[in-house]
Amino acid sequence: MKKRYYITTVLVALFWAQLNVSAQEIKIKDKIVEKADTSLVIGMTINFTEIEVPSNQSIVCTPVIVHDDSIRPLIPVIINGRNRHILYERTGRNFVENQEIELRRHNGKSQTLDYQVHTPFAKWMEKSEVTLVVDECGCGWDSLLSTCSPLFAINLAEPIVLKPLLVFATPKTEAVKARSKEGSAFLDFPVNKVMIYPNYRNNPQELRKIRETIDSVQGNKYATITEVCIKGYASPEGSYLNNTYLAENRAKALSDYVNGLYHFKHATFTVDFEPEDWDGLEKRLVTMNLADKDELLAIIRANDLSDLDKKEWKLKTLNGGASYKILLRDVYPALRHSDYEVKYTIRNFSVEEAKELLYTDPKQLSLNEMFQVAQTFELGSWQFGEVFEIAVRMYPDDPVSNLNAANIAIQNGQIEQAKRYLSRAVDTPEKKLAEAALLMLKGNLDEAETILSSLKDNVGVSEAVINNLEQIRLKREE
């Protein structure tokens with residue numbers, strides 16, 4: 001008859017183990033390992049079908065939990081032959097008082113025991129092994145333990161989830177928050193004229209662009225315009241001397257026009273000119289598809305032609321002037337332009353002011369002011385991360401804003417986004433730390449360890465390095 005001793009509900013597992021008992025086998029299956037509050041549940045199905053126990057003999061099977069020098073024997077199972085079983089029952093021993101399980105072996109018949117027990121949980125059991133000590137000689141489980149092989153391993157430790165520490169870079173403080181807005185106006189002038197005609201051809205639209213740029217700065221209550229710069233350019237068409245006159249005086253005319261519209265208290269005006277925009281011609285020609293483009297570029301780039309009028313003549317006469325006509329029609333008008341730049345400063349803000357502006361008008365803030373706002377939030381909070389996400393939107397090309405945004409992306413598990421940000425960050429210990437963090441999250445622990453080891457002596461990141469190396473060590477031991 002099959003006897004069952006239940007201490008808690010039997011769970012189904014997927015494990016078989018085998019032991020030799022005098023050339024016979026005790027089979028173990030249906031492993032149970034479960035932590036329940038302060039107890040550890042150990043269970044298994046013990047199959048005695050293949051062993052025989054003489055009528056006057058006993059076998060004692062003792063499951064034992066082992067880890068290094070720590071040992072916890074569990075409730076033993078006494079398998080008695082017929083006469084031994086009768087004697088055992090006459091003694092009146094029972095499970096409750098004696099903490100042992102007894103059963104009679106019916107030789108030649110199928111016989112199993114569903115074994116399950118609770119034992120007080122200890123920390124060392126998180127990573128341990130269960131061994132079944134089979135005592136046929138009455139020697140005691142402790143003397144036989146060293147000769148037994150483990151049945152199965154216990155691993156109840158929480159999985160190591162890598163959370164690499166990162167170091168955020170502090171942006172430099174700007175003593176003066178200097179900013180600028182710039183653009184190009186393509187004004188139309190009658191031939192050889194230098195006076196501004198506001199209503200001539202496309203001039204209304206081009207002049208409006210300049211006014212809108214200046215107005216956008218003037219309308220900023222935190223900004224002060226410090227300088228307005230205008231630089232005029234002419235195309236290579238015509239003589240260099242005449243183009244010098246046109247470029248200089250058209251730039252002056254535009255400066256006078258702007259100065260007449262506004263009355264800046266502290267701003268200065270700077271006027272400059274480039275008689276012929278050869279750089280602009282070269283850039284545009286590179287993008288064009290002309291049969292003799294290489295020859296045209298060779299003429300433009302030739303250093304031996306110090307006389308620009310001769311250079312322009314070579315362009316005009318190359319291959320009968322077919323390509324020059326295209327340049328004259330499609331490129332030269334764009335070379336006659338006036339570039340303008342409005343320089344201004346924005347006042348500095350307290351942390352409380354910056355905290356408000358971050359969500360209403362972040363373009364007023366410097367990176368350092370945004371960083372100071374981030375320090376008012378808990379590290380790792382969504383508010384903390386949001387500050388750096390706003391910062392990289394306002395300063396998309398800044399190496400520091402990209403590094404810090406990469407750190408936030410790493411913390412959020414956004415690997416590809418982090419890699420894009422890091423590609424725009426400069427090579428610093430903080431960037432290397434972030435690169436090692438990416439490798440850790442991808443499971444490339446060896447590569448990550450190599451980078452981290454190279455950073456050990458860097459004071460700025462050493463604490464994070466030590467922490468991350470320890471995480472790698474624990475992950476490997478998992």
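Search the whole structure and you find two cavities of 30 Å³ or more. Keep in mind that this is a predicted model.

Let's start with the largest cavity, at a volume of about 30 Å³. Its lining is made up of Pro-171, Leu-367, Met-370, Phe-371, Phe-388, Ala-391, Ser-401 and Asn-404. Helices H12 (367-374), H13 (382-394) and H14 (399-411) are the elements that each give two or more residues to this lining, and H12 gives the most, with three. Sorted by class, six of the lining residues are nonpolar, two are polar and none is charged.

The second largest cavity also comes out at about 30 Å³. Around it you'll find Glu-389, Ala-405, Ile-408, Ala-409, Gln-414, Gln-417 and Tyr-421. Here H14 and helix H15 (415-422) each supply at least two residues, with H14 giving the most, three. This lining has four nonpolar, two polar and one charged residues.

Now for the sheet. It is open, with four strands in the order E11-E14-E12-E13 and mixed pairing. Strands E11 (177-185) and E13 (268-274) sit at the edges with a single partner strand each, so one side of each has no neighbour in the sheet. On average, neighbouring strands are turned by 20 degrees against each other, direction ignored.

Look next at E12 (residues 223-233) and E13, which run parallel and are joined by seven bridges. Tyr-233, for instance, has Glu-274 in E13 as its bridge partner.

Two helices come in here. H4 (residues 203-218) packs on the sheet, touching E11, E12 and E14 (338-346), and its direction makes about 170 degrees with that of E11. H5 (residues 240-261) lies across E12, E13 and E14, running at about 160 degrees to E13.

How values were computed:
Residues are numbered from 1 along each chain as its sequence is written. This is a predicted model: local features need pLDDT of at least 70, side-chain atom pairs count only at pLDDT 80 or more; totals for chains, interfaces and linings use all residues. Side-chain values use heavy atoms; hydrogens and water are left out. Two strands pair if DSSP finds at least two bridges between them. Axes are lines fitted to C-alpha atoms, for helices over the stretch in contact, and angles run from 0 to 180 degrees between N-to-C directions. Contact means heavy atoms within 4.5 Å. On a 1 Å grid over the protein atoms alone, a cavity is a set of points where a 1.4 Å probe fits but cannot get out, and a pocket is an open set with protein on both sides within 12 Å along at least five of seven lines; lining residues have an atom within 4 Å of a point. Grid points are joined across faces, edges and corners, and a volume is the space filled by probe spheres set on the points. Ala, Val, Leu, Ile, Met, Phe, Trp, Tyr, Cys and Pro count as nonpolar, Asp, Glu, Lys and Arg as charged, and the others, Gly among them, as polar.
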